[in-house]
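Subject: Structure handover

Hello,

Here is the structure for your files. Notes on what was found in it follow below.

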Amino acid sequence: QVQLVESGGGLVQAGGSLRLSCAASIRTFSSYGMGWFRQAPGKEREFVAAINWSGDSIYYVNSVKGRFTISRDNAKNTVYLQMNSLKPEDTAVYYCAAGRGGSYPTTYAYWGQGTQVTVSS
């Protein structure tokens, strides 16, 4: 049974930082593309960042480029999202996902339960 468990969310002031982690119980974790998505109240789920199996192919949505960094540690079956210079509009539930990778939710087979990130102004 595949499980993805996110952690690291919380309440932070604008300009602050948070580091999200996603621990995966996948035997072949290193063969999966990993992604981070977010969903704000009343809005559709939005792609944030993706990383391929080896970590040498990375994509970001334009709104987070230069502020967020996705990385992975295949030895620990974990993917990270370092979020700096946070803005109130980054407030959302953040989900990690495992699958073929890329920016479309439909390419991901497994999803975590989400972690809340709230940025106060």
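Is Ser21 buried or exposed? Ser21 is buried, because its relative accessible area is 18% and the cut-off for burial is under 20%. Please keep in mind throughout that this is a predicted model.

Ser21 sits in strand S3. Leaving out residues up to four places away in sequence, Ser21 touches Val5, Glu6, Ser7, Trp36, Thr78, Val79 and Tyr80.

Gly66 is a contrasting case. This glycine lies in the loop between strand S6 (58–60) and S7. Gly66 counts as exposed because its relative accessible area is 83%, and exposed means over 50%.

The C-alpha trace spans about 40 × 25 × 25 Å along its principal axes. The radius of gyration is 13 Å, which agrees with the value near 14 Å that a compact globule of 121 residues would have.

Of the 121 residues in the protein, 41% are buried. Among contacts between residues at least 6 apart in sequence, 54% join residues at least 24 apart. The exposed surface comes to about 6,300 Å², with carbon and sulfur atoms supplying 48% of it. As for charge, the protein carries 11 positive and 7 negative side chains, and the centres of the two sets lie 3 Å apart.

Next, the interior. In soluble globular proteins, nonpolar side chains tend to be buried together. Here the largest nonpolar core has 27 residues, and Met34, Trp36, Leu81, Met83 and Tyr94 have the most contacts inside it. At least two residues of this core come from each of strands S3 (18–24), S4 (33–39), S5 (46–51), S7 (68–73), S8 (78–83), S9 (92–99) and S11 (115–120). Another core, of five residues, lies apart from it and includes Phe37, Phe47, Ala50 and Ala97.

Which residues is Met34 in contact with, leaving aside its neighbours within four places in sequence? The list is Leu4, Cys22, Phe29, Ala49, Ala50, Ile51, Ile70, Arg72, Val79, Ala97, Ala98 and Tyr108.

Regards

Notes: Residues are numbered from 1 along each chain as its sequence is written. This is a predicted model: local features need pLDDT of at least 70, side-chain atom pairs count only at pLDDT 80 or more; totals for chains, interfaces and linings use all residues. Side-chain values use heavy atoms; hydrogens and water are left out. The radius of gyration is taken over C-alpha atoms; the globule rule is 2.2 Å times the number of residues to the power 0.38. Buried means under 20% relative accessible area, exposed over 50%, partly exposed in between (1.4 Å probe, protein chains only). Contact means heavy atoms within 4.5 Å. Accessible areas come from the Shrake-Rupley method with a 1.4 Å probe; for residues, only the protein chains shown count as cover. Lys and Arg count as positive and Asp and Glu as negative; His and the chain ends are not counted. The place of a charge is taken as NZ of Lys, CZ of Arg, CG of Asp or CD of Glu. A nonpolar core is a set of buried Ala, Val, Leu, Ile, Met, Phe, Trp, Tyr and Cys residues joined through side-chain atoms within 4.5 Å. Helices (H or I, at least four residues) and strands (E, at least two) are DSSP runs, numbered from the N terminus.
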